[in-house]
Amino acid sequence: MIELPIRDPCDLCVAAREERWKIIDEGEHTLTVINPWQFEVGQCCVITRRHIATLLDLSDHECGAILASAKRVAEALVKTYRPLGILTFQNNGVFSGQETPHFHFHVVPRQQGSDWGIGPPQLATFDGAGRQRGIPHDPSGDARRRERVQVSARQLAETADLIRSNLPE
């Protein structure tokens, strides 16, 4: 059985209800929100409206809606930031790195030489991704990195507004 993280109340449900300024886009089954941890400027998450924890809990309609929403925000991120790549990923359970017990699909504009730090392990394996090839992730700097990537509510709101202004019609 997949072990889920515990976070009560769910920060994604709170954002959807009480912090509407974080919402970049809305669909029938999804919300796209600005990620409060800006490891990359413009990092977003597509979340389900329904409070469910993992990919295994999604309905077929939610699966399709998530990818359509991810594509839509990726188009806005390309227009906004002209990234060198778009990283998408999703974690299921604490042993995969999931920290919030609410399904969320990351959509991240990637730039050369960024200091990703915490993130998918495949980032350590290719040139120009922020770490040299073959060097394993050293978690000793993670706390410092988390402090650096926390931005003010004002900055997050400005970033969300900018991305929102570039969503496709």
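This is a predicted model: local features need pLDDT of at least 70, side-chain atom pairs count only at pLDDT 80 or more; totals for chains, interfaces and linings use all residues.
**Backbone features**

The peptide bond joining aspartate 8 to proline 9 is cis, and its omega is near 10°. Proline 9 sits in the segment before α1, the helix that spans 11-18.

Further along, arginine 82 is worth a look in your viewer. Its phi is positive, about 50°, although the residue is not a glycine. Arginine 82 is found in the loop between α2 (60-81) and β4 (85-89). Is arginine 82 buried or exposed? Its relative accessible area is 68%, so arginine 82 is exposed, the cut-off for that class being over 50%.

**Salt bridges**

Now to the charged side chains. Side chains of opposite charge can pair when their charged atoms come close. In this model the count comes to 11 salt bridges, taking a side-chain nitrogen of Lys or Arg within 4 Å of a carboxyl oxygen of Asp or Glu. Here are some of them, with the N to O distance for each pair.

| Pair | Closest N to O distance |
|---|---|
| Arginine 20 and glutamate 26 | 2.9 Å |
| Glutamate 26 and arginine 49 | 2.9 Å |

Which residues are linked in a network of salt bridges? Arg20, Glu26 and Arg49 are. Glutamate 26 takes part in both contacts, forming a salt bridge with arginine 20 and another with arginine 49. The pair of glutamate 26 and arginine 49 links distant parts of the chain, 23 residues apart. Glutamate 26 belongs to strand β1 (residues 23-26), while arginine 49 lies in the loop between β3 (44-48) and α2.

How accessible are the members of this network? Arginine 20 has a relative accessible area of 43%, so it counts as partly exposed. Glutamate 26 is partly exposed too, with a value of 43%. For arginine 49 the relative accessible area is 40%, which means that this residue is also partly exposed.

Aspartate 161 and arginine 164 both lie in α4 (residues 153-165), 3 residues apart, about one turn of the helix. Aspartate 161 is partly exposed because its relative accessibility is 43%. Arginine 164, at 28% relative accessibility, is likewise partly exposed.

How values were computed:
Residues are numbered from 1 along each chain as its sequence is written. Side-chain values use heavy atoms; hydrogens and water are left out. Helices (H or I, at least four residues) and strands (E, at least two) are DSSP runs, numbered from the N terminus. Buried means under 20% relative accessible area, exposed over 50%, partly exposed in between (1.4 Å probe, protein chains only).
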